[in-house]
Amino acid sequence: MTHHAKIQINTAESGPVISKHIFGHFAEHLGRCIYDGLWVGPESPVPNVRGWRSDLVEALRAIKIPNLRWPGGCFADDYFWRDGIGPTEQRPRRVNAHWGGVLDDNAVGTHEFLDLCEQLECEPYIAANVGSGSPREMREWVEYVNAAAGTLADERAANGRKEPWKVTLWGVGNENWGCGGHMRPDYYADEYRRYATYVQDHPDATVQRMACGPNEDDYSWTEVMMRQCAAPLYGFQPMDGLSLHYYTLPGGWDNKAPARPFDQAGWNEVMALGWRMDELVIKHSAIMDRHDPDKKVALVVDEWGAWYREEKGTHPRFLFQQQTVRDAVLAAINLNIFIDHCERLRFANLAQVVNVLQAIALTEPAGGRLVLTPTWDVFALYAVHQEAMRLPITIETAQLAHVEKSFPQVSATASLAENGQINVTLANTDSVHEVEISMALQGATSKTVQARVIASPELTACNTFDQPRTITTTDLAGVTLSGDQVTLTLSAASVVSLNLS
Ligand code: AHR
């Protein structure tokens, strides 16, 4: 059975700019994300530039990665930045207490990470240690990275980097309600104000301080943080962003579902849980609006994505999981939600880059082959929205349901690029029915339309090292443009992009 949906896009009305930072990524010292993922080391036979795996760098550049968050995650609040500077062979070996107790030899530290960001041409977003650290350590890390002169700038130069990196995005702790110290909101708010005070700006490096925000629907955390940290303190603006973490976790923490196989209920569960992001963003934003009507403080979703049971035969604390087209649709609806709320929601980071959770790529152990996941394809299609102007959109579509949670069949977003082209991205969250779409582009004078689709031969198929492009992006046929009307069919379980020029 074919379903029908109607979409109206007003191309003449102006909207907010979609921050490129909504399309950010996250790399933690966890499992095989950094070591034996991004980092193969300078001596590796795997092609690399100063230790960073070239094919992965290329894959991230291809999707225009705007920022990369590091070093955690839970790891951040147990990380001492001085462990990761100076001659590599003299760096201490530390136990990674959160993620399997493996030894971290600190081969990757500040200089290496910032070299990676330069190779990626993206902005670094560094999460500092609040849980087991001190304001002084954070202040000195910022100074080491950003100062033009002084003792720490001299130390940095002695370690091989004369010019400051001018890193502006700094997180003050991570999940301090949980692995980052199990703090209560009032306590963290006071700690946050103390840390934020000592994090200093340096020439051409005005720091944006990102506070730890709520876990999922902990609205009281947001209330406390906004009440205590959003307003200027004696002329000092303590908080620029408040981070929300929400994972799509079918089955729950104690009984996580595998990435595959799954049945229709399993498909719908992921869609319904994915759509929950919309409710969370709306409710947290409403609290933020009350305290900060001018939207000075950004909502920062700096951890999101699917979290399944680890793949059989892999370390339970390494969080390695496969992906299917279900994850492509999940990524698309999340990005559409972020764009929909982009006045307040100005940063987001998918967890994590490689080999961990909803990665854009997987690699074989010991520097083997690399395979791109369907999530990479989604980020490739969505890159056109970076810094474009969001267009007003209304969608009339069927509602689907999982247990008591309903969610729309069609998710869509539209933007106007600087070159005058209109880009529309759509997802069909229905794993069974295709949907015929009638789209009116009010005010548009486009002459041509190009359409691409991400689809899978089977719902539970995945990209493997032997068959790396089973799920891929191809041209979509059958799209018509007549005047300002577009018609197309979204096959079940698909993600589509339209480019109108
Ligand atoms: O991304 C994996 C973990 O999930 C992070 O370390 C932590 O912040 C979150 O709980």
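This is a predicted model: local features need pLDDT of at least 70, side-chain atom pairs count only at pLDDT 80 or more; totals for chains, interfaces and linings use all residues.
**Figure 1. Tyr 188 and Trp 221 in a stacked aromatic pair.** The ring centres lie 5.6 Å apart, with 25° between the planes; rings of Phe, Tyr and Trp (its six-membered ring) pair if their centres lie within 6.5 Å, planes under 30 degrees apart being stacked, over 60 edge-to-face and the rest tilted. Tyr 188 belongs to helix α5 (residues 185-198) and Trp 221 to helix α6 (residues 219-229), 33 residues apart. Helices (H or I, at least four residues) and strands (E, at least two) are DSSP runs, numbered from the N terminus.

**Figure 2. Helix α2 (residues 110-120) and the residue that follows.** Because 10 of its 11 residues are buried, α2 is largely enclosed by the rest of the structure. Among the buried residues are His 111, Phe 113 and Cys 117. Just after α2, Glu 121 adopts a positive phi of about 55°.

**Figure 3. Charges over aromatic rings.** A charge sits over a ring if NZ of Lys or CZ of Arg is within 6 Å of the ring centre and within 35 degrees of the ring normal. The charged end of Arg 326 is placed over Phe 262, 3.8 Å from the ring centre. Arg 69 lies over the face of Tyr 125, at 5.9 Å.

**Notes.** Residues are numbered from 1 along each chain as its sequence is written, and side-chain values use heavy atoms, without hydrogens or water. Local features need pLDDT of at least 70 and side-chain atom pairs 80 or more, whereas totals for chains, interfaces and linings use all residues.

Methods:
Buried means under 20% relative accessible area, exposed over 50%, partly exposed in between (1.4 Å probe, protein chains only).
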